[in-house]
Amino acid sequence: MSHTKLSVNVNAIAHLRNRRDLPWPSVAGLSRIALEAGAAGITVHPRPDERHIRRTDVFALQEMLRTDWPGREYNIEGYPTEDFLKLCEAARPDQVTLVPDKPGQNTSDHGWDCVANQSFLSDVVRRIQGEGMRASIFIDADPTQAAAAALTGTRRVEIYTGPYGHTFDPTEQRARLEEVAVTAEAAVKLGMAVNAGHDLTLDNLPPLVKRTPHIAEASIGHAVIADCMIYGMAETVRRYRCALGDSDA
């Protein structure tokens with residue numbers, strides 16, 4: 001039985017480490033524990049100010065994944081500046097997720113307007129995929145955006161699930177879930193694979209993957225790292241794999 005794969009976003013680990021001039025908690029070390037526990041991949045978002053993931057982390061994780069975990073995926077996300085694209089070309093992750101963040105933004109909180117930015121995104125996607133990496137465009141839960149993303153040539157989109165994760169009202173939550181599901185269905189019909197990310201938790205993941213079995217990968221950071229403080233990394237990864245439908249977890 002197929003299930004949605006888990007990519008652990010380790011930005012928050014780096015953020016905690018950077019509060020002090022110390023080498024711990026170790027981004028690579030905790031990533032290794034996550035992979036040993038069955039995580040399908042690791043996600044990082046190296047921002048220009050290096051307030052969490054540093055350039056050195058990008059290459060330390062690259063070396064670890066390629067040497068010790070060649071079957072697992074490396075996902076680097078960020079706004080496609082020239083510096084970011086050159087970093088990706090040097091690190092050569094499996095996937096590059098394009099997000100429309102401003103440099104000082106706290107976290108990603110919206111998807112691309114793929115209609116207004118179609119020419120720009122098409123050029124970036126062509127460059128990434130020409131280097132043998134998979135491009136994924138971060139979009140809002142809107143079938144119109146899925147259709148516009150498809151025109152860029154991207155092979156994958158990541159649906160921003162923040163509005164779904166932010167609400168606890170049952171009626172609104174069902175409405176936001178339906179938006180994600182309809183967008184995922186539209187993307188799959190257009191030949192793209194679908195990822196999901198933002199504010200996904202142990203509680204809201206099971207309804208999401210039940211309604212939207214098309215989701216190939218969920219990139220989860222904040223909730224995973226928060227739950228690590230209670231359960232530890234290995235047990236947290238096991239719980240999220242279960243929530244995503246992994247019967248082997």
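A: A disulfide is taken here as a pair of cysteine sulfur atoms within 2.5 Å. By this rule the chain has zero disulfides. The model is predicted, with local features requiring pLDDT of at least 70 and side-chain atom pairs pLDDT 80 or more, while totals for chains, interfaces and linings use all residues. Residues are numbered from 1 along each chain as its sequence is written, and side-chain values use heavy atoms, leaving out hydrogens and water.

Cysteine 228 takes part in no disulfide, since the nearest cysteine sulfur, belonging to cysteine 242, lies 15 Å away. Seen from the other end, cysteine 242 is likewise in no disulfide, and the sulfur nearest to it is that of cysteine 228, at 15 Å. As to exposure (buried is under 20% relative accessible area, exposed is over 50%, and partly exposed is in between, with a 1.4 Å probe and protein chains only), cysteine 228 is buried at 16%, whereas cysteine 242 is partly exposed at 37%.

The backbone comes next. Most residues other than glycine have a negative phi, and most peptide bonds are trans. Tryptophan 24 and proline 25, however, are joined by a cis peptide bond with omega of about 0 degrees. Proline 25 sits in the loop between α1 (11–17) and α2 (27–36); helices (H or I, at least four residues) and strands (E, at least two) are DSSP runs numbered from the N terminus. Glutamate 50, which is not a glycine, has a positive phi of about 55 degrees. Its place is the loop between β2 (41–44) and α3 (55–68), and glutamate 50 is partly exposed, with a relative accessible area of 36%. Aspartate 199 also has a positive phi, near 60 degrees. This aspartate is found in the loop between β7 (193–197) and α9 (205–211), where aspartate 199 is partly exposed at 35%.

A nonpolar core is a set of buried Ala, Val, Leu, Ile, Met, Phe, Trp, Tyr and Cys residues joined through side-chain atoms within 4.5 Å. The largest such core holds 69 residues, and those with the most contacts inside it are Val8, Val10, Leu98, Ile137 and Ile220. Helix α4 gives the most to this core, with five residues. With contact meaning heavy atoms within 4.5 Å, and leaving aside neighbours within four places in sequence, valine 10 touches Val27, Ser31, Ile42, Thr43, Val44, Ile53 and Leu61.
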